[in-house]
Amino acid sequence: MSVYAEEKLIGQARLLAAEYRRTMGKPLPGISSEIALHDAIRLLSLTPADGSAGGIDAIDPERGNKSVQIKSRTIFDETKSGQRIGQLNVDQSWDSVLLVLMDEEYEPYEIYEAERGELLEYMQKSSSGRARRGALSVARFKIIGHLVWARDGGLEPELWNNQA
C-alpha cells in the first residue's frame with residue numbers, strides 16, 4: 001500500500017470514528033489506538049516494530065533503536081478528570097512509552113514520552129493498586145513524562161532529535 005493510500009485511509013478512519021461517536025454516543029472500539037500508532041510513527045519519524053515484538057509498537061532509529069510502546073487517549077471532555085490510559089505491560093522489554101492525546105475529531109494534539117525507569121519507579125512507590133498494576137491516569141503520565149510533540153509547535157527539538 002502506498003503512503004498516500006495509508007494517509008487517506010487513516011483520514012477516513014478519523015472521520016468514521018468521530019461520526020460514529022456523535023451518532024452512537026460512544027467511541028468505536030480499538031480505532032483510537034490504531035490512529036495513534038500511525039500518528040506517532042509519522043510525526044516522530046519512528047519505524048513500526050515487527051508484529052513479533054510483543055509490547056513494542058515502534059523503534060526509534062535516531063536514538064539507538066530504542067523500543068517504544070504507544071498508548072492513546074481521546075479526550076472528549078477536558079473538564080472531566082480521571083482520564084486513564086491502557087495498562088502498561090511491564091513484563092515486555094520496551095524502553096519508553098509514548099502517550100498520544102487526541103481531540104474529539106481523533107486528531108493528535110500532544111504526545112508525551114515517559115522512560116521505563118521513571119514509570120517503574122512511580123509504580124513501585126505508589127500506594128494505588130491501579131498504579132502498581134500499570135494503569136495510570138493521563139495527568140500522572142504527563143507529570144512523569146515530558147512533552148515531545150504538540151500540534152501548535154510540532155517537534156520539541158531539545159527533547160526529540162528526529163527531524164522529518
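Tutor: Let's start with a term: a polar contact is a pair of N or O atoms within 3.5 Å, where, within protein, one must be able to donate a hydrogen and the other to accept it. Keep in mind that we're looking at a predicted model.

Student: OK, what makes the D95 side chain and the backbone nitrogen of S67 a polar contact?

Tutor: The D95 side chain reaches that nitrogen at 2.8 Å. The cut-off is 3.5 Å, so the pair qualifies.

Student: Where is D95 found, and which residues does D95 touch beyond those up to four places away in sequence?

Tutor: D95 is in the loop between β3 and β4 (96-102). Leaving out those sequence neighbours, D95 touches N65, K66, S67, E115 and R116. Take K66: this residue is 29 residues from D95 along the chain, yet their C-alpha atoms are separated by 6.1 Å.

Student: Why is D95 called partly exposed?

Tutor: Its relative accessible area is 33%. Buried means under 20% and exposed means over 50%, so 33% falls in between.

Student: What makes a group of residues a nonpolar core?

Tutor: The members are buried Ala, Val, Leu, Ile, Met, Phe, Trp, Tyr or Cys residues, joined through side-chain atoms within 4.5 Å. In the largest one there are 22 residues, and those touching the most other members are I35, L44, I70, L98, V100, Y106 and I111. At least two residues each come from α1 (3-24), α2, β3, β4 and β6 (146-150), and α2 gives the most, with six. As for I70, its contacts beyond four places in sequence are A36, L37, A40, I41, D57, A58, L98 and V100. There's also a second, separate core of 18 residues, including Y109, Y112, L119 and V138.

Student: Why would such side chains end up together?

Tutor: In soluble globular proteins, nonpolar side chains tend to be buried together.

Student: What share of the protein chain is buried?

Tutor: Buried residues make up 41% of the 164 in the chain.

Student: On to pockets: how many residues line the largest one, and which lie nearest its centre?

Tutor: There are 17 lining residues, with S32, S33, S72, R73 and T74 nearest the centre. Two or more residues each come from α2 (31-43) and β3 (66-74). The volume is about 300 Å³.

Student: How does that lining divide by class?

Tutor: It has nine nonpolar, five polar and three charged residues.

Student: What about the volume of the second largest pocket?

Tutor: That one is about 200 Å³. It is lined by 14 residues, and I75, K80, Q83, V138 and K142 are closest to its centre. Here β5 (108-115) and α5 (138-144) give two or more residues each, with the largest share, three residues, from α5. Five lining residues are nonpolar, four polar and five charged.

Note on methods. Residues numbered from 1 in each chain as written. Predicted model: local features only at pLDDT ≥ 70, side-chain atom pairs only at ≥ 80, totals over all residues. Heavy atoms only, no water. 1 Å grid on protein atoms, 1.4 Å probe; cavity = no way out; pocket = protein on both sides within 12 Å on 5 of 7 lines; lining within 4 Å. Points joined across faces, edges and corners; volume = space filled by probe spheres on them. Helix = DSSP H or I, 4+ residues; strand = E, 2+ residues; numbered from the N terminus. Nonpolar A, V, L, I, M, F, W, Y, C, P; charged D, E, K, R; others polar. Buried < 20%, exposed > 50% of the residue type's maximum accessible area, 1.4 Å probe, protein only. Contact = heavy atoms within 4.5 Å.
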